[in-house]
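I opened my notebook to look up the inside of this structure.

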Amino acid sequence: MKRGALIRCHWAANELAIAYHDREWGVPLHDDRKLFELLILEGAQAGLSWNTILQKRENYRKAFDEFDAVKIARYTPSRVEKLLEDPGIIRNRLKIAATIGNAKAFLQVQKEFGDFDRYIWRFVGGKPRRNDWGRHGNAPARTEESDAMSKDLLGRGFKFVGSTICYAYMQAVGMVNDHERDCFRRDQIG
């Protein structure tokens, strides 16, 4: 390693992952549209690598109307067929249907709680938790909080929101700070 080189979480190993790690991952997020985007992308990632999703992220934004839940909730069967032909996204019928269903459930949560941010952050008491797992590989795949989030989301009709997906989501949106102990972003985020 070069003298003075930044130390990052080990998974930030290519240009896209480094940019995502350095600018977004673990930063507390409170914008509903961005919270919705990451919920959908985490679900799309199920069974795949996060690098695959990062490579397709801009295509997802275009294909899914910049993650406008109101528009997505109105997608028709013909729109679904068009999405299934789009090589820029994961062409999985269940995941596409889940995105539409999740948009509808997301809008219901916004209606009930005033915004999705208020709803989702209650699973960590409204403020980020800083964990100390040492290395990312020591972090659990799920926690009591992600179990509770998953159960509640599933009960509200969301799909592709198992506890492991929910924990990855909590990491992504900064509900938990799971940057590795030596990572330069750990202390920057707090």
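I looked up Phe64 first. Phe64 is buried, at a relative accessible area of 1%. Buried means under 20% relative accessible area, exposed over 50% and partly exposed in between, with a 1.4 Å probe and protein chains only. Tyr75 is buried too, at 10%.

I noted the ground rules. This is a predicted model, where local features need pLDDT of at least 70 and side-chain atom pairs count only at pLDDT 80 or more, while totals for chains, interfaces and linings use all residues. Residues are numbered from 1 along each chain as its sequence is written, and side-chain values use heavy atoms, leaving out hydrogens and water.

Next I searched for ring pairs. Rings of Phe, Tyr and Trp (its six-membered ring) pair if their centres lie within 6.5 Å; planes under 30 degrees apart count as stacked, over 60 as edge-to-face and the rest as tilted. The whole structure has 13 aromatic pairs. Phe64 and Tyr75 are a stacked pair, because their ring centres are 6.2 Å apart and their planes stand at 20°. Phe64 sits in the loop between α3 (50–63) and α4 (69–73), and Tyr75 in the loop between α4 and α5 (77–84), so the pair ties together parts 11 residues apart in sequence. Helices here are DSSP runs (H or I, at least four residues), numbered from the N terminus.

I then checked Phe113 and Tyr119. Their pair is tilted, with 5.1 Å centre to centre and 55° between the planes. Tyr119 is buried, at 0% relative accessibility. Ring pairs link a cluster that includes Phe64, Tyr75, Phe113 and Tyr119.

I moved on to the core. A nonpolar core is a set of buried Ala, Val, Leu, Ile, Met, Phe, Trp, Tyr and Cys residues joined through side-chain atoms within 4.5 Å. The largest one has 56 residues, and Phe64 and Ile120 are among those that touch the most other members. Which residues does Ile120 touch, not counting those up to four places away in sequence? I found Leu35, Met149, Tyr169 and Met175. Contact means heavy atoms within 4.5 Å.

A cavity is a set of points on a 1 Å grid over the protein atoms alone where a 1.4 Å probe fits but cannot get out; lining residues have an atom within 4 Å of a point. The largest cavity holds about 90 Å³ of space. Among its 15 lining residues, Ile40, Gly43, Ala44, Lys95 and Thr99 are the closest to its centre. Helix α6 gives the largest share of the lining, five residues.

Technical notes:
On a 1 Å grid over the protein atoms alone, a cavity is a set of points where a 1.4 Å probe fits but cannot get out, and a pocket is an open set with protein on both sides within 12 Å along at least five of seven lines; lining residues have an atom within 4 Å of a point. Grid points are joined across faces, edges and corners, and a volume is the space filled by probe spheres set on the points. Helices (H or I, at least four residues) and strands (E, at least two) are DSSP runs, numbered from the N terminus.
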